[in-house]
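Here is a short report on the contact between two chains. Please view the model alongside the text.

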There are 2 protein chains.
Amino acid sequence: MFVIVVYDTLAERNPRILKLCRRYLHWVQRSVFQGELSAAQHRSLTHSIKDLIDTSYDSVIIYRIQGPHGVQTQTIGQRLAHEGPVI
Amino acid sequence: MFVIVVYDTLAERNPRILKLCRRYLHWVQRSVFQGELSAAQHRSLTHSIKDLIDTSYDSVIIYRIQGPHGVQTQTIGQRLAHEGPVI
């Protein structure tokens, strides 16, 4: 499945959620990650996000789109990321 | 089609792109909008974004997902927006 994660967290938590998301997905814009995940990877990422954020303050939205053809992505302006392999 | 817009623009342009996106979509998080658009609305929004931003600096990503069932949305933590009608 194709996954998009957008987050709005307290500044002091940003580095850790950035680091976490980078293990699974591609950074494409400030607080925005995307990429292909298996169901197991999606469960693992979701679980780790819940452990990491303060759910009474922070907000993380995860969009799941079945199959890569389900979504068309269009960038207007600068493409900030280079879609190399997830490291 | 279901559309997600995420933007990273120079601060002075944020109010205008916020106002523009509000005419078409629901605000769900800082710099993140979502909602259902017709093909004509999508064309009109895309055109207005191109007119408004500095494409040599700003970055706007538009995800288009065909059909509302194509995407599942999950919020972890705070749901910052109330999905009332687009005003």
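Buried area is the accessible area (1.4 Å probe) that two parts lose on being put together, summed over both. By that count, chain A and chain B bury about 3,200 Å² between them, 49% of it on carbon and sulfur atoms. This is a predicted model: local features need pLDDT of at least 70, side-chain atom pairs count only at pLDDT 80 or more, and totals for chains, interfaces and linings use all residues. Residues are numbered from 1 along each chain as its sequence is written, chains are lettered from A in the order in which they are written, and side-chain values use heavy atoms, without hydrogens and water.

The contact (heavy atoms within 4.5 Å) draws 37 residues from chain A and 37 residues from chain B. Two salt bridges link the chains; the term means a side-chain nitrogen of Lys or Arg within 4 Å of a carboxyl oxygen of Asp or Glu. B:Arg30 forms a salt bridge with A:Asp8, with the closest N and O atoms 2.7 Å apart.

Strand 4 of chain A pairs with strand 5 (residues 71-77) of chain B, antiparallel, over seven bridges. Strands are DSSP runs (E, at least two residues), numbered from the N terminus, and two pair if DSSP finds at least two bridges between them. A:Ile65 stands opposite B:Val71.

Partly exposed means between buried (under 20% relative accessible area) and exposed (over 50%), with a 1.4 Å probe and protein chains only.

| Residue | Phi | Relative accessibility |
|---|---|---|
| A:Ser31 | about 65° | 21%, partly exposed |
| B:Ser31 | about 65° | 22%, partly exposed |

A:Ser31 lies between strand 2 and strand 3 of chain A. B:Ser31 sits in the loop between strand 2 (26-29) and strand 3 (32-36) of chain B.

Methods:
Helix = DSSP H or I, 4+ residues; strand = E, 2+ residues; numbered from the N terminus.
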